[in-house]
Amino acid sequence: YLHEYLTKFSKQKKLIVDIEIDNINDVELPQGFKLLAGIRYPSNYERAAINYIKSRGLEYRDLWYFKFGISTDKKFYKRIIMPSFDEDGKLNYFVTRTWDKNNIIKYINCPINKQSIIFNDININWSNDLTIVEGPFDLVKAPQNATCLLGSSLSTQSLLFQKIVQN
């Protein structure tokens, strides 16, 4: 119903759907998640996902580093899934981006409060300079030791802000 409503009434061409809950212990990847880097003989659908990633200037090694995937869940049809892991390697968030130019919903974010996580904290060395970008798909073009805001501003209430101050 959301897609139908947005199609009829939205003046924006691309939207981000983001419904938040507070319990980060319940984060799960979409049903049927498949790591793109682990596919030996990709189907046409899987090849389309890989080609989309390559069209953004990424390489095969980036499939492993960012753990890009796809899902068999129809809610995530024609979407790249980019998971995030906390400092202990536990899944704490994910974001999806469509590669379908006709889909008006560009991103679907994980239903978690973005202020309570640090995107891919597992890859951050807190004793070095940190590069901060706006979103996860900006992160793929950032140098090593980078994270993203999951938005356009950094709140003093966010875990990222608190950890920057701490370090």
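Biologist: How much space lies in the largest cavity?
Modeller: About 80 Å³. Bear in mind that this is a predicted model.

Biologist: Which residues are closest to the centre of that cavity?
Modeller: Lys114, Leu149, Leu154, Ser158 and Leu160 are the closest, out of 13 residues that line the largest cavity.

Biologist: And what does the lining look like by class?
Modeller: Eight of the lining residues are nonpolar, four are polar and one is charged.

Biologist: OK, switching to rings. How many aromatic pairs are there?
Modeller: The structure has eight aromatic pairs. One of them is Tyr45 with Tyr77, a stacked pair with 5.4 Å from centre to centre and 10 degrees between the planes.

Biologist: Where do Tyr45 and Tyr77 lie?
Modeller: Tyr45 belongs to helix α2, residues 44-55, while Tyr77 is in the loop between β3 (69-70) and β4 (79-85), so the pair ties together parts that are 32 residues apart in sequence.

Biologist: How accessible are Tyr45 and Tyr77?
Modeller: Tyr45 is partly exposed, at a relative accessible area of 24%. Tyr77 is partly exposed as well, at 47%.

Biologist: What about Phe66 and Phe68, how are those rings arranged?
Modeller: Their ring centres are 5.8 Å apart and the planes are at 40 degrees, so that pair counts as tilted.

Biologist: Are Phe66 and Phe68 buried or exposed?
Modeller: Both Phe66 and Phe68 are buried. They also belong to a cluster linked by ring pairs, together with Tyr65, Tyr107 and Phe137.

Biologist: Nice. Now, where is the confidence lowest and where is it highest?
Modeller: Strand β1, residues 15-17, is lowest with a mean pLDDT of 51, and β3 is highest at 98. Over residues 18-22 the pLDDT is below 50, and in the model that stretch has 15 contacts beyond near neighbours in sequence.

Biologist: How should I treat a stretch like that?
Modeller: Where pLDDT is low, the predicted coordinates should not be read in detail. For the protein chain, the average pLDDT is 88, and 85% of the residues score at least 70.

Biologist: Where is Asn145 placed, and is Asn145 buried or exposed?
Modeller: Asn145 is in the loop between α4 (136-139) and β8 (146-148). Asn145 is buried, with a relative accessible area of 10%.

Biologist: And what is the phi of Leu150?
Modeller: Leu150 has a positive phi too, about 60 degrees, and is not a glycine. Leu150 lies in the loop between β8 and α5 (159-166), and is buried at a relative accessible area of 10%.

Biologist: Last topic, the overall fold. How many helices and strands are in the protein chain?
Modeller: Five helices and eight strands. Going from the N terminus, the order is α-β-β-α-α-β-β-β-β-β-α-β-α.

Biologist: What share of the residues is buried?
Modeller: Of the 167 residues in the protein chain, 42% are buried. As for contacts with a separation of 6 or more, 59% are between residues 24 or more positions apart.

Notes. Residues are numbered from 1 along each chain as its sequence is written. This is a predicted model: local features need pLDDT of at least 70, side-chain atom pairs count only at pLDDT 80 or more; totals for chains, interfaces and linings use all residues. Side-chain values use heavy atoms; hydrogens and water are left out. On a 1 Å grid over the protein atoms alone, a cavity is a set of points where a 1.4 Å probe fits but cannot get out, and a pocket is an open set with protein on both sides within 12 Å along at least five of seven lines; lining residues have an atom within 4 Å of a point. Grid points are joined across faces, edges and corners, and a volume is the space filled by probe spheres set on the points. Ala, Val, Leu, Ile, Met, Phe, Trp, Tyr, Cys and Pro count as nonpolar, Asp, Glu, Lys and Arg as charged, and the others, Gly among them, as polar. Rings of Phe, Tyr and Trp (its six-membered ring) pair if their centres lie within 6.5 Å; planes under 30 degrees apart count as stacked, over 60 as edge-to-face and the rest as tilted. Helices (H or I, at least four residues) and strands (E, at least two) are DSSP runs, numbered from the N terminus. Buried means under 20% relative accessible area, exposed over 50%, partly exposed in between (1.4 Å probe, protein chains only). pLDDT is the predictor's confidence in each residue, from 0 to 100. Contact means heavy atoms within 4.5 Å.
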